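Hi everyone, thanks for making the time. I'd like to walk you through a structure that may be new to you, so please have a look at it while I talk.

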Amino acid sequence: MVTTITDGVKVSVETIYQPEYSNPANDHFMFAYKVSIENMGSYAVRLLSRHWYIFDSNGAKREVEGEGVVGQQPVIEPGQTHEYVSGCNLKTDMGSMKGEYQMSRMIDNSLFNVQIPEFYLVAPYRMN
């Protein structure tokens with residue numbers, strides 16, 4: 001698990017390789033990741049959008065942007081945590097992701113960015 005804290009928002013990420021959804025013979029490797037977003041601040045925040053940077057070990061890079069996460073723009077109250085699970089496919093058995101969420105403070109609607117720590121997507125057989 002990797003973790004970072006930006007402006008009182010703690011983001012932690014865990015990953016798992018999904019062999020049942022992967023097809024290595026066709027360069028298709030599927031990974032799931034679980035994100036935990038904890039509001040350690042004094043005011044409620046709303047997650048508005050996400051911006052991901054995805055890297056394959058073959059040098060390929062891509063970016064994904066969109067509103068919310070898994071179809072939601074959650075409000076996270078002080079001391080509360082929002083968790084979700086999503087997935088990413090790669091063309092190689094190793095890669096990484098990092099990014100940021102755009103959030104707003106509910107008290108004054110001010111916008112700020114929260115860093116998503118870089119995490120690695122690695123098929124278990126590569127970890128020896």
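**A charge over a ring**

Let's begin with one spot: the charged end of arginine 105 sits over the ring of phenylalanine 112, at 4.0 Å from the ring's centre. Please keep in mind that this is a predicted model.

Now let's step back to the strands. There is an open sheet of four strands, paired antiparallel in the order E1-E2-E3-E7. Which strands stand at the edges? They are E1, residues 2-6, and E7; each has a single partner strand, so one side of each is left without a neighbour in the sheet. From one strand to the next, the twist averages 20°.

Let's follow strand E3, which spans residues 29-39. Eight of its 11 residues are buried, so to speak mostly covered. Nine bridges join E3 to the antiparallel strand E2, residues 9-17.

How many aromatic pairs does a search of the whole structure find? Five. One of them is formed by tyrosine 17 and phenylalanine 31: the pair is tilted, with 5.2 Å centre to centre and 55° between the planes. Tyrosine 17 belongs to strand E2 and phenylalanine 31 to strand E3, 14 residues apart. Are these two buried or exposed? Both are buried.

Another pair is tryptophan 52 with phenylalanine 119, and this one is edge-to-face, at 5.9 Å centre to centre and 90° between the planes. Tryptophan 52 lies in strand E4 and phenylalanine 119 in strand E9, so the pair ties together parts that are 67 residues apart in sequence. Both tryptophan 52 and phenylalanine 119 are buried. Ring pairs also link Tyr33, Trp52, Tyr101 and Phe119 into a cluster.

In soluble globular proteins, nonpolar side chains tend to be buried together. Here, the largest nonpolar core has 27 residues, and those with the most contacts inside it are Tyr33, Ile37, Trp52, Tyr101 and Met103. Which strands each supply at least two residues of this core? They are E2, E3, E4 (45-56), E7, E8 (94-105) and E9 (111-122).

Notes:
Residues numbered from 1 in each chain as written. Predicted model: local features only at pLDDT ≥ 70, side-chain atom pairs only at ≥ 80, totals over all residues. Heavy atoms only, no water. Buried < 20%, exposed > 50% of the residue type's maximum accessible area, 1.4 Å probe, protein only. Pairing = 2+ DSSP bridges. Core = buried A, V, L, I, M, F, W, Y, C linked by side-chain atoms within 4.5 Å. Axes fitted to C-alpha atoms, helices over the stretch in contact; angles between N-to-C directions. Phe/Tyr/Trp six-rings, centres within 6.5 Å; stacked < 30°, edge-to-face > 60°. Lys NZ or Arg CZ within 6 Å of the ring centre and 35° of its normal.
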